[in-house]
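Morning, everyone. Please look at the sequence and the structure on the screen, and I will walk you through a few spots.

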Amino acid sequence: MKILSIESSCDDTSIAVIEVHEDVQEVTILSHITSSQADLHTQYGGVFPMIAKREHAKNIVPILKQALIESNMSLEKTHTIDKSLIKNIPMIDAGMAEELCHYLATVDKPDIDYICVTYGPGLEMSLWVGINCAMALSHIWGIPLVPVNHMEGHIYSISVTGEKSFPLHTFTYPYLSLLISGGHTQLVLAPNKDEYTIIGNTKDDAVGEAFDKVARMIDLPYPGGPAISKLAKIGRQENVQPWVTLPRPMMHTPDYDFSFSGIKTAVMYALEKKVADSGALTDEDKIALAMEFENAVTEVIVKKLFKAVDEYQIEEIAVAGGVAANTYIQEQIKKHIEKEGYTTRVYFPDRSVTGDNALMIALAGYKNIKENKKFPQPIKATGTLKLQ
Ligand code: KG4
Ligand code: ZN
């Protein structure tokens, strides 16, 4: 089975084409192209929705073209496109539609069985660009369209190894997903097939958002996670002593919820005091702060994760989302498993797919196709879509 997938929920425009060898449950990536807008959003310290939408609309057709060329599916054939097939698509970007029709009039229908597209959660303006492009392709090529929950995509990213071909992971139930990104901090329990319960959520900022905001306070570039993590690593290597102790919010509460805005506020006050007391912040001050921040966040995450592992007798843990790239968080989870003698297995995606990408959307889409899951049509961008 061949799948083309589209992801545009935030600031990455991404298209993948995969082939699933169903007899051996193996996937081959035929192409996977992602264009990041991170540089454009740096000046705002976060993603600016209007700009994100504009860039998606500008980038999506060239990326589609490149993805089809790389998969050897861009076979030249001049023909006429019936534009009336797409004229009823809501809010379709006129420029994108024109460019798409122009391109499709030059290539043959590719050998693709399904088109998968993210329909939420995310920025609705961004989601619509991917959905409208997917709808147009589906109408023009006559290929079925499968909507995919972005968070389910992150969960299924753990199969990805970094190789061109890799086996599909089959989860053992009950399993738990720790979804940590710029928009989410969730603990999702999957007690059995096709059932999700969000048992923990952030009360305020997502963990990645906290990384980004703290990074901004100490003049590090967006996205802040990698920058903070790099400084924290230097701090541990050089045994830098902390000058501030940050709170570990909600670490001992009986629920599975998180709160990170308190840490961020504590950082803000600590910085104000430090500058008032000793003038400007030194590089070593920044290193110590980054280390203490990463320690605080990690301790809370590890504590809550294993509280849930104990209560729900979890067999497997999937850690995914942008923040899953954090090597310190990964190490601390693995260390905890070893130290406490857990038999629970933990999976992290390859670093190439911790951030938003279309490959994970194709993988979650494939699972839904096989389970014959039904989705409401027509597809609507749903910014607050929940896993259920
Ligand atoms: O999943 P993602 O690409 O986009 C969202 O759906 O949010 O996650 C992006 C987030 C950003 O907040 C970024 O700072 C964070 O993931 N991030 C990290 C690391 N790499 C990316 N946070 C901590 N450590 C990292 N190494
Ligand atoms: Zn994401």
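Is Met50 buried or exposed? Met50 is exposed, because its relative accessible area is 52%. Here buried means under 20% relative accessible area, exposed means over 50%, and partly exposed is in between, with a 1.4 Å probe and protein chains only.

A word on the source. This is a predicted model: local features need pLDDT of at least 70, side-chain atom pairs count only at pLDDT 80 or more, and totals for chains, interfaces and linings use all residues. Residues are numbered from 1 along each chain as written, chains are lettered from A and ligands numbered from 1 in the order written, and side-chain values use heavy atoms, without hydrogens and water.

Back to Met50. Met50 sits in helix H2, residues 49-70. Helices are DSSP runs of H or I, at least four residues, and strands are runs of E, at least two, numbered from the N terminus.

Next, Ser71. Ser71 is in the loop between H2 and helix H3 (94-104). Ser71 counts as buried because its relative accessible area is 9%. The Ser71 side chain makes a polar contact with the side chain of Ser31, at 3.0 Å. A polar contact is a pair of N or O atoms within 3.5 Å; within protein, one must be able to donate a hydrogen and the other to accept it, and residues adjacent in sequence count only if both atoms are side-chain atoms.

Now charges. Side chains of opposite charge can pair when their charged atoms come close. How many salt bridges does the structure hold? The structure holds 20. A salt bridge is a side-chain nitrogen of Lys or Arg within 4 Å of a carboxyl oxygen of Asp or Glu.

Take Lys77 and Asp108. Their closest N and O atoms are 3.8 Å apart. Lys77 lies in the loop between H2 and H3, and Asp108 in the loop between H3 and strand S4 (114-120), so the pair ties together parts 31 residues apart in sequence.

Then Lys367 and Glu152. Their salt bridge is 2.6 Å, N to O. Lys367 is in helix H11 (residues 358-370) and Glu152 in helix H5, so this pair ties together parts 215 residues apart in sequence. Both Lys367 and Glu152 are buried. Lys367 also forms a salt bridge with Glu371, at 3.6 Å between the closest N and O atoms.

Last, ligand 1. A polar side-chain atom of Asn326 lies 3.0 Å from a nitrogen atom of ligand 1. A polar backbone atom of Gly225 is 2.9 Å from an oxygen atom of ligand 1.
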